[in-house]
2 protein chains.
Amino acid sequence: MSKLVIVGTVAFDAIETPFGKTDKILGGAATYIGLSASQFQIDAAIVSIVGGDFPQKHLDLITDKNIDISGIEIVKEGKTFFWSGKYHNDMNSRDTLTTELNVLADFNPIVPKDYKDAEIVMLGNLHPIVQLSVIEQMETKPKLVILDTMNFWMDCALDDLHKVISKVDVITINDEEARQLTGEYSLVVAARKIHTMGPKYVVIKKGEHGALLFHDDNVFFAPALPLEEVFDPTGAGDTFAGGFAGYLAKSDDISFENMKNAVIYGSTLASFCVEKFGTERMKKLSSDEVHKRLLQFKQLTQFEIELI
Amino acid sequence: MSKLVIVGTVAFDAIETPFGKTDKILGGAATYIGLSASQFQIDAAIVSIVGGDFPQKHLDLITDKNIDISGIEIVKEGKTFFWSGKYHNDMNSRDTLTTELNVLADFNPIVPKDYKDAEIVMLGNLHPIVQLSVIEQMETKPKLVILDTMNFWMDCALDDLHKVISKVDVITINDEEARQLTGEYSLVVAARKIHTMGPKYVVIKKGEHGALLFHDDNVFFAPALPLEEVFDPTGAGDTFAGGFAGYLAKSDDISFENMKNAVIYGSTLASFCVEKFGTERMKKLSSDEVHKRLLQFKQLTQFEIELI
């Protein structure tokens with residue numbers, strides 16, 4: 001088993017979908033990543049920042065999942081990062097209504113001493129400079145550094161983004177972002193270009209259309225589970241990343257063959273996340289439910305072909 | 001091994017993609033279906049109609065693939081169905097530039113006597129009344145009738161379309177068409193509604209995002225092979241259907257488990273079709289090449305997970 005350190009936002013979200021809307025609820029990339037990774041009962045820590053308005057019960061929830069929160073700085077006089085958004089009817093696109101950076105504007109992450117030797121580092125979506133700072137604080141070289149990012153940083157901090165990309169082993173990115181980053185429409189060509197930027201492994205997330213894992217000339221594909229209803233897509237990408245990182249930490253095997261399994265676990269966990277608002281579904285997810293759904297994934301994708 | 005009868009267009013296409021354009025070349029749903037199914041060296045016949053302008057060499061090509069053409073009516077004084085279209089830069093959408101029905105306007109299909117006992121019937125995209133007429137000509141009830149159709153018939157012949165849908169075992173349809181036919185956005189819910197219209201098996205084609213096979217509460221997914229370049233998508237859906245039908249005819253097993261393999265074969269063959277203009281790639285496809293690509297599909301999708 002490897003130690004996992006997660007950096008990312010711990011935040012408030014307010015979400016509106018065709019099915020309803022929420023007040024300020026628990027959100028943030030590191031929250032979703034942590035909840036998802038915690039399914040594997042690993043030794044994990046979150047590095048983040050919140051304000052004095054952040055309820056103790058949210059911190060307790062994270063602690064209850066056996067995640068170390070000594071790296072979550074609490075700025076008593078500050079306010080927690082807040083995002084609100086509204087999904088369109090097809091659930092595939094959304095408008096951001098509010099982004100209040102608040103304490104995140106001056107976030108200076110500090111990796112707890114006990115986690116400076118973590119074997120796996122998961123860099124959730126944040127300013128690339130903040131992500132870089134976490135890599136630099138590690139005292140032993142991690143076996144695997146995983147980066148998640150988004151188009152926003154391509155628009156406004158591309159040089160810094162390239163710096164952090166050059167230092168990671170795995171990047172997770174969505175299809176449109178992969179196209180924007182490389183100027184290539186074909187995801188196969190885009191992944192090859194991203195390889196040359198640094199990451200040996202490239203995961204391209206296609207939302208309801210699944211995810212692709214590229215490594216050299218190898219490619220693996222995991223579909224998203226076909227669902228009757230997507231209730232709230234918020235956090236699905238982070239939940240995917242958390243499942244991916246958590247599984248690798250638990251199994252302590254970063255071969256390409258095992259990364260296939262990590263992608264399947266990531267897709268499986270993400271398929272739960274979208275069933276309820278926010279983190280609701282992930283808070284109360286049993287390993288039995290996860291195992292049942294993994295079997296559904298097998299039925300969905302596995303076949304026994306005879307060449308004729 | 002089962003006999004396969006294919007009804008559909010045998011036609012001229014003129015295609016423009018970002019990579020170039022063609023003059024009038026060999027096209028048509030039945031052509032693509034036949035070329036694809038012929039990979040399985042089965043006993044197949046095409047039922048169609050062409051004009052006196054249709055070159056003998058095209059007919060010879062079909063015959064060389066061991067496909068019976070006694071059901072292709074040649075109207076000496078008539079002109080062959082002609083379609084031309086232009087693909088947009090993303091290759092996912094296209095504009096139809098010309099549709100000249102010509103001899104197709106009065107197509108009255110005649111199933112050759114030797115194929116009125118075919119176990120498998122593949123109804124390529126055509127007016128639903130023409131498709132119905134083929135079903136009615138079968139002297140023994142086929143083991144499997146497969147229907148392909150498109151949104152055009154939903155717009156202008158919906159009642160007839162419902163009649164033919166109620167009489168088939170399998171429908172292949174793309175995602176947007178499934179949504180249009182059912183008024184449901186979720187493909188899971190759409191497939192369930194289509195089941196109630198008749199077909200026990202529903203195949204929803206999602207182009208570059210793969211294909212879903214639904215049967216009762218079971219679902220199977222086959223991705224499209226991630227390609228560096230899609231040169232010309234024309235005929236990919238028909239090639240998929242031809243591979244699906246051809247494999248089932250060859251293996252003589254219409255269980256859901258075996259239909260998974262049929263979907264994989266369909267996807268595999270379609271991945272070749274898009275590599276060159278028109279039927280160019282399918283004309284010269286060796287079984288070695290198909291086997292190699294099937295292995296790529298296995299590597300793309302198969303995993304060995306341990307529950308942890």
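## A walk through a two-chain predicted model

Start by selecting A:Phe244: beyond its neighbours within four places in sequence, A:Phe244 is in contact (heavy atoms within 4.5 Å) with A:Ile146, A:Val170, A:Val203, A:Met259, A:Ala262, A:Val263 and A:Gly266.

Before moving on, some notes on conventions. This is a predicted model, in which local features need pLDDT of at least 70 and side-chain atom pairs count only at pLDDT 80 or more, while totals for chains, interfaces and linings use all residues. Residues are numbered from 1 along each chain as its sequence is written, chains are lettered from A and ligands numbered from 1 in the order in which they are written, and side-chain values use heavy atoms, leaving out hydrogens and water.

In soluble globular proteins, nonpolar side chains tend to be buried together.

**Helices 6 and 7 of chain A.** Next, select residues 175-182 and 187-197 of chain A, which are helix 6 and helix 7. Helices (H or I, at least four residues) and strands (E, at least two) are DSSP runs, numbered from the N terminus. The two helices pack at an angle of about 60 degrees, with their axes 9 Å apart; axes are lines fitted to C-alpha atoms, for helices over the stretch in contact, and angles run from 0 to 180 degrees between N-to-C directions. That angle makes helix 6 of chain A oblique to helix 7 of chain A, because angles under 35 degrees count as roughly parallel, over 145 as roughly antiparallel, 65 to 115 as roughly perpendicular and the rest as oblique. To see the contact, show A:Asp175, A:Ala178, A:Arg179, A:Leu181 and A:Thr182 on helix 6, and A:Leu187, A:Ala190, A:Lys193, A:Ile194 and A:Met197 on helix 7.

**Phe220 of chain B.** Now jump to B:Phe220, in strand 14 (residues 218-222) of chain B. B:Phe220 is buried, with a relative accessible area of 0%; buried means under 20%, exposed over 50% and partly exposed in between (1.4 Å probe, protein chains only). Leaving out residues up to four places away in sequence, B:Phe220 touches residues of both chains, including A:Gln299, A:Leu300 and A:Phe303 as well as B:Leu212, B:Phe256 and B:Ile264.

**Lys205 of chain B.** In strand 12 (residues 201-205) of chain B, find B:Lys205. B:Lys205 is buried, at a relative accessible area of 15%. Its contacts, not counting residues up to four places away, include B:Asp148, B:Asp175 and B:Phe240.

**Two loop residues.** Most residues other than glycine have a negative phi. Select A:Asn102, in the loop between strand 8 (94-100) and strand 9 (120-123) of chain A: its phi is positive, about 50 degrees. A:Asn102 is partly exposed, with a relative accessible area of 27%. Finish at B:Gln41, in the loop between helix 1 (29-37) and strand 5 (43-51) of chain B. Phi of B:Gln41 is also positive, near 45 degrees, and B:Gln41 counts as exposed at 57% relative accessibility.
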